[in-house]
Amino acid sequence: SEFKAYVLGSGESQCNDDLACLTMASMDRQGLEAIRSLHRQLDDDANGAVDLSESDEFLREELQYENGAEKRQRAFHRNDDMHISVKELWEAWVRSEVHNWTVEQTTEWLASSVELPQYVPIFIMHRVTGATLPRLAVSNMQYLSNVLGIKDPIHKQKIALKAMDVVLFGPPKDYTNYLKDLILVTLLLGALIGCWYAYRQNKNSRRHLRRMMKDMESLHKAELALENLQKELESAKQEKEFATTEKQDLERKLQEQREDAGELRTSYS
């Protein structure tokens, strides 16, 4: 048919006989045309395929990515030959998470990622979903100006670049989840540090307790030794007193014997 010929075009860079691609394209002809337009923007040498150098240049110059460009580039180049045709770009788009965004998800992206919440009512009124984003991303900005009625050129440029980013390279990083993950990691790290500190304190307490028990045991032994020494001293004192008493008794007896002997000699004489 005429529409099939329009979709297929010529060469391998089109949808060929992929029934799913044709079905989706027939339902969203404007979306397909927007994807073709985006592909032309990336395809600098107009050879029908976007290679690594072209996507890298687009990320760094058009979208001004400094950090994280390699990761988004890998997400873009899903096929093995690292060359993206219109067909592959369209198929990747219709299977992407962003394509299935609801109006609520799209307006959340507009408010949080694009940071233009004043246009949320307009997006809701026109039922702008994820599938509409390629039309926001094309360079002529007709949808932004004529349908949505956005006049500010800076805002239109910002919406177009952000839409181009999510259409080609996937949804932006969820900073809410990132913050939650950061808080969780921080809490986990804090818990680990707390456990380590408690373990160290417990280990130190056990070591101090063992040292205290050892010191108490040494003190007890010293007390026993002192008590034994006191007993020995008391025993030695008693023995000394006994020896002194014995000596005194012997001396007294000797003295008495001498006196008795003297009296006997006197009586005999």
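Q: What percentage of the 269 residues in the chain do buried residues make up?
A: This is a predicted model, and a residue counts as buried when its relative accessible area is under 20%. Going through the 269 residues of the chain with that cut-off, the buried share comes out at 32%.

Q: How many helices and how many strands does the chain have?
A: Walk along from the N terminus and the elements read α-α-α-α-α-α-α-α-α-α-α-α. Counted up, that gives 12 helices and 0 strands.

Q: What share of the contacts with a separation of 6 or more comes from residues 24 or more positions apart?
A: Start with the contacts in the chain whose separation is 6 or more. Among those, the part made by residues 24 or more positions apart is 61%.

Q: Why does the span of helix H3 agree with what its residues should give?
A: Helix H3 covers residues 29–42, which is 14 residues. At 1.5 Å a residue, H3 should span 20 Å. The C-alpha atoms at its ends fit that, because they are separated by 20 Å.

Q: How many of the 9 residues in helix H6 are buried?
A: Helix H6 runs over residues 86–94 and is mostly covered. Its buried residues are Val86, Lys87, Leu89, Trp90, Glu91, Trp93 and Val94. So for H6 the count is 7 of 9.

Q: Which word describes how H3 lies relative to H6: parallel, perpendicular or oblique?
A: Two packed helices are described by the angle between their axes and the distance between the axes. Here the axes of H3 and H6 come within 10 Å and cross at roughly 125°. That angle makes H3, relative to H6, oblique.

Q: Is the crossing of H3 past H6 left-handed or right-handed?
A: The handedness is a separate label for how H3 passes H6. For this pair, the crossing is right-handed.

Q: Which residues of H6 does H3 meet?
A: On the H3 side, the residues are Gly31, Leu32, Ile35, Arg36 and His39. By class, this contact has 6 nonpolar, 2 polar and 1 charged residues. All five of those H3 residues are also listed as buried. Across from them in H6 sit Val86, Leu89, Trp90 and Trp93.

Q: How are H3 and H11 oriented to each other: parallel or perpendicular?
A: The axes of H3 and H11 come within 12 Å and cross at roughly 95°. An angle of 65 to 115 degrees counts as roughly perpendicular. Therefore the two helices, H3 and H11, are roughly perpendicular.

Q: Which residues of H11 take part in the contact with H3?
A: From H3, the contact uses Ile35, Leu38, Gln41 and Leu42. By class there are 6 nonpolar, 1 polar and no charged residues. The H11 partners are Met164, Val167 and Leu168.

Q: Is Pro153 buried or exposed?
A: Pro153 lies in helix H11, which covers residues 153–169. Its relative accessible area is 57%, and the cut-off for this label is over 50%. So Pro153 is exposed.

Q: What separates the C-alpha atoms of Pro153 and Met141?
A: Along the chain, Pro153 and Met141 are 12 residues apart.

Q: What is the phi of Glu115 near?
A: Most residues other than glycine have a negative phi. Glu115 lies in the loop between helix H7 (103–112) and helix H8 (120–125), and it is exposed at 52% relative accessible area. Its phi is positive, near 65°.

Q: What is the phi of Arg127 near?
A: Arg127 is found in the loop between H8 and helix H9 (133–137). It counts as exposed, at 54% relative accessibility. Arg127 is a residue other than glycine with a positive phi, near 55°.

Methods: Residues numbered from 1 in each chain as written. Predicted model: local features only at pLDDT ≥ 70, side-chain atom pairs only at ≥ 80, totals over all residues. Heavy atoms only, no water. Helix = DSSP H or I, 4+ residues; strand = E, 2+ residues; numbered from the N terminus. Expected span 1.5 Å × (residues − 1). Buried < 20%, exposed > 50% of the residue type's maximum accessible area, 1.4 Å probe, protein only. Axes fitted to C-alpha atoms, helices over the stretch in contact; angles between N-to-C directions. Parallel < 35°, antiparallel > 145°, perpendicular 65-115°, else oblique. Left-handed = near helix turned anticlockwise from the far one by under 90°. Contact = heavy atoms within 4.5 Å. Nonpolar A, V, L, I, M, F, W, Y, C, P; charged D, E, K, R; others polar.
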